[in-house]
Amino acid sequence: MVTRIFPIRPGACLFFACCLMLAASGAAAEPAPNYFFRNWQVENGLPQNKLCAVVQTRDGYLWVGTYSGLARFDGVRFQVFDDQNTPELGNSRVSCLYEAPDGALWIGHEDGGVTRYQDGQFAPVEIRADWASQRIYCITTDDAGEIWVMNESASLARVRDGLVLTTPAGNSRRLMGFTRSPNGTLWVAHDGRLSFMERGQIHPAVFNLPITNNYNYVQGICASRDGGLWINSNGKLRKWQAGAVVQDLGAAPWGVNPLICLKETRRGILVAGTASQGFYLVFPGTNQPPLHFNQINGMQVDWIRSVAEDQEGDLWLGTGGNGLLEMRPSPIQTPAPPDHWRGRAVLTVCPARNGAIWAGTEGAGLYCYQAGGWRKFGYTNGLGNSYVWSVAEDAAGQIWAGNWGSGLFLLAGDRFKGAPGPDRVPPIVPALLAARDGGLWVGTADGLLHYQAGRINRFNTGEGRLLRDVRTMAEDEHGTLWFGTAGHGLGCLAGGRIRCFDRRDGLSSEYIECLHCDDDGALWIGTFGGGLCRWKEGRMAVINRHEGLPNSIIGDIEDDDRGYFWMSSHGGLIRAAKAALNRCADGASPTVACLTYGVNDGLPTIECAEGLQPAGGKSADGRLWFPTSKGLVVVDPNAVRVNLQPPPMALEEVLVDGERVTNRLSPLRIPAGRSHFEFHYTGLSYVAPEKVTFKYRLEGFEQAWVEAGAKRQAIYSFLPPGHYAFHVIAANNDGIWNEPGVSLPFILLPRFWQTWWFQFSGAVLTVLAASGMVWFETRRRMRHRLEKLERQQAVERERARIAKDIHDDLGASLTHITMLSQAPPDPAGVPAAVAANLDRIHDTACELTRSMDEIVWAVNPQHDTLDSLAGYLNRFANVYMSAAGVRCRLDFPLQLPARPVTAEVRHNLFLAFKETLHNVASHAAAAEVCVTLQLEADDLVLLVTDNGRGFDPVQSPAGPSAKPDRFSPGNGLANIRRRLLEIKGRCEVHSAPGRGTTVKFTVPLPKFSPPQTPNAEIVSSLLTTPAAPAPRV
Amino acid sequence: MMKKPDMSIAVSIVDDDAPARGILAEWVSRAEGFHCVGQHGSVEAALATLPGEKPSVVLMDINLPGLSGIEGVRRLKPQLPGTQFVMLTVYEDADHIFAALQAGACGYLLKQTPRLELLESLKDVYNGGSPMTSNIARKVVQAFQRHEPAPAPEQPGSDTLSPREREVLELLARGYLYKEIVDVLKISRPTVNTYIRRIYEKLHVRSRSQAVARFSRFSLDRIG
């Protein structure tokens, strides 16, 4: 996945919260505004750290001009345009930026060129003016709506017609200033001399200024929103209106230093940037003293080149060498002692009623912060050791500190001493709570104890179990004491009785971190890993991550008295509306909306302290204090600004199969076959860009919105063709949604093969192809079979020819012999010897004819059928037996399957049959012979049964005494058996003397052969050319 | 029995084998009660002149070049309904013999049949006898059992066997000799002959009607 969003590398981005406790000098003044700064530099994607211009366009983007190109910033990513990737820009060296009333961005270049950017397109603007092509100082619009360009010599050129107006110069070289009044009057300070332009005319500005010294020049000017003009001259800062000073702020904090820029924010604060002194904030109309930010007080920036205020009220400073600086009021401060806690974690904090803030640390002792000063207490100040786990102020205002390993201490004067009294407090004190009765509740590893005036009341058991590791306690208005343990659940001490709660009572975790008794009687329980629980009216409810809680480790709960709970967690500070929490706990809403404050809001870390009490506190001024592993944090709930500005949105890029779509026509038509879609969108909120969240939906593909979190791209793969609309909406850091969001309708065109007509013809083609293949395969097989058949037929033709030759030639001659050899009709004239010879010739010829008949029958392939075999055997038996004078009975099936019987089988079976009948006729002395032919499975079975005298099959073939003429091995039976063996058949003889003989031939037939005739038809159809018409008969 | 006993039997011979034809003609001519009315070397020749000879019996070689003997019977029989056709063959080729019988022949003789036997058979045929071997009988039964679409019979029963005919045929197929059939069925020898003659006729009618059916079906095919 290619991400186009540059991740902010930790460490590459400088965060620093600047806590300027300038109020120390004037305690009566309202608290100094606290600012959070965020810095982006080259490492974060800026083209250069020297910025010439910063401007926010109305579409929400922040534009930064540098000599290395123009950068568009969305809070997360800088998109850089320079003459390399954007030739239309003409020149990468950008000297000024201006958004015209029509929304176009005008870009002035160092070489005097001007470029205009509108609707995503850059185009050079020709200035047809007769003037020196110098660096463009600024671009603006006059009271007539004309665009003017001003160069470094403070000459103004009208873009429309190239009219050039020059302003009178003063004596202070290169001291430039420009501002535009809301009514369109343009003010120019040229070398320290002020003039203005109205209705296309330059007028010298004449102010009735009291000359105090010879420095009579203008250091900086700034149009005020109320129509006045702030003029900084001669070291003074005054506002003029209608020729008179309407507000005099006296001496400017920057003295007589020239200003690079001066800007009045929407709240009326003046921001003054200098070239070497950093920048100043001036608060006109208040008694808030000016603030100064420079390298000396930790800003690392002295050279300010441009100031802009965004739509959310944050200030953007373009610096000369330190990149882009964002400055915004922050409710969070991180006060730290000069030794910065010696690098140790702050564990516990207790704001005392006298304004002092007590903070205990892990190994750096106990700190007291009061009236801007820090005091530190350690071993030398009476504490047992420097591991201070708990600190509390009792009802009498005494400060108690609980130590790890050395018990409880009481502050006396400027030293701590061990807790007085006869009873000794256990050495490990993780929790302290001022009791309503003036005493102290102390949580220890061995249970709960109540300490008052040296007396200790121990609560070691509850519901029969030992109480262990008490970490937090809270006392409600009825005097009920709730206490939480690490791993043993929650306890409740009321009327001297202790009740215990654990998971079975609905607790989400038995590691209790903090307890908070709310005014409505509810007990809020922060747990380690189980989020938040609420015990109210006998019912336990859980709010954890599933319910929208950002973190499940809640170390402390503070009520800001403005309807919000502030909770410290391992994921920063969490702010949630109590009402929303209660609704969620009541089951009225499934989730609760929470805001999180993290390092981008000024926290040094998101890991807040937990597990000890107190792990947070509220000071008298309403500020909330939280210990963290990297110092103390204080939040001013009153300074929390809810960002009501929905983030403007932009769909920056659409990538289809990795290619950027540049087509702007609506609806977008995506060519067919594209499958991978990437939508790069952004939400333009700069208060906390990382907290801008998105939801998107591809209409036509999905019904529900996809929760994208902070992800700024959506990817879809393998979309089917159709009509779609991509919608994306964004919420700012305070959860304010830009409901309309942005949408992009588009059409993914179908591939030609995805169209109905193609799919239809494809189906047809598939069917055709399949049938073609079947046809081809059939044809191939047929051809194969045909070849085989042809070979077979060649053999058969040969056999048929032999049969015909024998029949025609030999047969005819033999017939002649049989005919001629017969006794003449008149035997009288023939000698007896001749007549006898003739008879023998005749008989021999007849015998020969019969043999030939058998041969021809066997050879002729026409008789290769079962039926023919049956017929032949039938006829032979009939004729032969009839001649032998033996009754012949034939039992042949009328219908025989069309199965081929090879010539070999027919020939051998016939000869065996003939031999058998011969035996019957010659030896059996039978009156009747019965021939039965039947099919058993795949075997042909031929039975020859006679009713003759029979024989003993055991004795007869074995013994020499047996008749040599009947079924003896050397005689017929052996021949019969051999013949049957040749055709893989067998011959069985069943006989007994006087009981006839049965000879059984069993011959296997080939499995199956399709009828010859259809085959021949197919073959002939194959032999003819496909296009040939069927022959007509 | 339409034949007058005192009349000599007119025999015509069709055989391409000239020597054999000559011998047969000689035999017939010399024998008492026979006279040879014609000799033909081919069916083609016989078709032209044989009907004019008005033979009582025709000896027809099955295996002839050109038109076969079977075809000869098929063409001549309609012209000479009273003439008995006896096939001559060297080999007992059941299929050919059966085809000839279907065409209208009423028996067959092997060419090597002794002279006296041959003459006896001719006389027998002339007198209404009908030789049929068990093998042929089997084929005839098959022919009548074959499930072919029966054409609309012009005369009912003209092409179906009567139970008695079927009985005779089946006994023949099972190897019974004529005399054995006479014994088994308690009928006279001439009756057996009559049955068999009738069977031959029905076979002929059947084959003819089937040919007609084939032809008409074929015509329809061509029209359609």
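Analyst: Start with helix H1 of chain A, residues 578-586, where A:Ala580, A:Leu581, A:Asn582, A:Cys584 and A:Ala585 are buried. Buried here is a neighbour count: 20 or more other C-beta atoms lie within 10 Å of the residue's own C-beta, with 12 or fewer called exposed, anything in between partly exposed, and the C-beta atoms placed from the backbone. Helices (H or I, at least four residues) and strands (E, at least two) are DSSP runs, numbered from the N terminus.

Keep in mind that this is a predicted model, so local features need pLDDT of at least 70 and side-chain atom pairs count only at pLDDT 80 or more, while totals for chains, interfaces and linings use all residues. Residues are numbered from 1 along each chain as its sequence is written, and chains are lettered from A and ligands numbered from 1 in the order in which they are written.

What do the buried residues of H1(A) pack against? They sit against S51, S52, strand S54 (564-569) and strand S55 (572-577), all in chain A. Contact means that the C-beta atoms of two residues, placed from the backbone, lie within 7 Å. Just past the helix, A:Gly587 has a positive phi of about 85 degrees.

Two of those packing partners, S51 and S52, belong to an open, antiparallel sheet of four strands in chain A, ordered S49-S50-S51-S52. Its edges are strand S49 (512-517) and strand S52 (539-543), each pairing on one side only. From one strand to the next, the twist averages 20 degrees; the angles are taken between N-to-C directions, from 0 to 180 degrees, with axes as lines fitted to C-alpha atoms (for helices, over the stretch in contact). Strands of a sheet pair through backbone hydrogen bonds, either parallel or antiparallel. To count as paired, two strands need at least two DSSP bridges between them. S51(A), residues 532-536, and S52(A) are joined by five bridges and run antiparallel. Within that pairing, A:Cys533 stands opposite A:Val542 of S52(A).

Elsewhere, chain A touches chain B, with 28 residues from chain A and 25 residues from chain B in the contact. On the chain A side, helix H2 (756-820), helix H3 (832-859), helix H4 (866-884) and strand S69 (887-891) each supply at least two residues. H2(A) gives the largest share, eight residues.
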